[in-house]
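Take a moment to turn the model around on your screen. Then let's walk through it together, one piece at a time.

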Amino acid sequence: MRTEVLSVNDAAIARAAQIIRSGGLVAFPTETVYGLGADALNEDAVRKIFIAKERPFDDPLIVHIAAAQQLLLLARHIPQRAWELVKKFWPGPLTLVLPKTERVPAVTTGGLETVAVRMPGHPIARQLIELSGCPIAAPSANRFGRPSPTTAQHVLEDLDGRIELILDGGPTPIGVESTVLDLTQDPPMILRPGGVTLEVLQEILGEVRLLSSAKSEAAKRSPGTRWRHYAPRAQLVLAEPAELEQIVRELLKDGKRVGVMISQGRLPCSPDRLSVIHMPSDLSEYARLLFRVLRELDAHGVDVIVVEAVEEHGLGRAIMDRLRKACQSS
Ligand code: TXA
Ligand code: MG
């Protein structure tokens, strides 16, 4: 299969919608990362997503909609607080997990009785959903386990020859994925921190729990948290600011080519085998660059990437979540 890349205009979106309607796959920009979309209600189309990404079939997909009423087609028992969140945060980077209706095929939800739904804020994503006339199931458009794509070029690197079309709408503005919030439990639980922060959700909902990173609980609640994710080819090491320099020195002594993502700390002179990237101290700027920098350091051919830990508040939680998962050994 040849993968077409089209700059976004009306004709390109019309072509993309036609591919979705006929059961094909299209990668498109959202405000968080690029998604790999198919008609969420068409089992055969959704199955192709898992095959293209090499994603396990029990890792459920997020269903994207363009109008809040479409939620009624997908979810039953929609509590009042869900509508409050919809009013406040949609369109935007908040995904709600609710009990699914019979219209949603089991393949879309990885066999679960719940469905994850969000209305993206990116105008191209919404136009595509509207023109397609169906909700669009879309995980991040990367090969399973790789860093999520924030440009059309990243999608092409991972999925060339496996999908029909990539809509190129430029780099995505947020850079990390949506917050996944489970509303089937009380208090609600954040299964994946993201663009809408814990602090902001607590203001609306009062108590909100955060899924513990303990593997057993994580695996039960959110199947997607079981594996190494977001990972560059190089080994990733997360370092506290105070230990960064020592870790880098030792890796260099072992003859490794080292990439460093530094935000606060300082490093001594940079010898040949060191690629240093200074990350922004502003957390939204940091999030926007995170996956792109991981891919860039891979392209430099480093053996190990040492990343300085960031503070865990606001978007810092989403950043640290992705970094920890990228460090896991399996
Ligand atoms: O920002 C985003 O959310 C991007 C863009 C494309 O919208 N999408 C995205 O999808 O990140 P994906 O498939 O890479 O991540 C979806 C996450 C996975 O961790 C999955 O396990 C979880 O959401 N998830 C989906 N449906 C679920 C459900 N019914 N119950 C619990 N977790 C669910
Ligand atoms: Mg993903």
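This is a predicted model: local features need pLDDT of at least 70, side-chain atom pairs count only at pLDDT 80 or more; totals for chains, interfaces and linings use all residues.

Strands here are DSSP runs of E with at least two residues, helices are runs of H or I with at least four, and both are numbered from the N terminus. Two strands pair if DSSP finds at least two bridges between them. In general, strands of a sheet pair through backbone hydrogen bonds, either parallel or antiparallel.

E1 pairs with strand E8 (residues 165-168) in the parallel sense, over four bridges; Glu4, for one, has Leu165 in E8 as its bridge partner. (Contact means heavy atoms within 4.5 Å; axes are lines fitted to C-alpha atoms, for helices over the stretch in contact, and angles run from 0 to 180 degrees between N-to-C directions.)

Next, find helix H9 (residues 244-253). Leu244, Val248, Leu251 and Leu252 are buried there, and buried means under 20% relative accessible area, with exposed over 50% and partly exposed in between (1.4 Å probe, protein chains only). Seen down the axis of H9, the buried residues fall within an arc of 100°, so they line one face of the helix; the arc is that of the directions from the helix axis to the C-beta atoms. Those buried residues pack against strands E12 (235-239), E13 (258-262), E14 (274-278) and E15 (304-308).

Arg81 sits in helix H4 (residues 80-89) and is partly exposed, at 22% relative accessible area. Which side chain makes a polar contact with the side chain of Arg81? That of Asp186, at 3.1 Å. (A polar contact is a pair of N or O atoms within 3.5 Å; within protein, one must be able to donate a hydrogen and the other to accept it, and residues adjacent in sequence count only if both atoms are side-chain atoms.)

Stepping back, the chain has 11 helices and 15 strands, and 56% of its 330 residues count as buried.

A note on the bookkeeping: residues are numbered from 1 along each chain as its sequence is written, while chains are lettered from A and ligands numbered from 1 in the order in which they are written. Local features need pLDDT of at least 70, side-chain atom pairs count only at pLDDT 80 or more, totals for chains, interfaces and linings use all residues, and side-chain values use heavy atoms, leaving out hydrogens and water.
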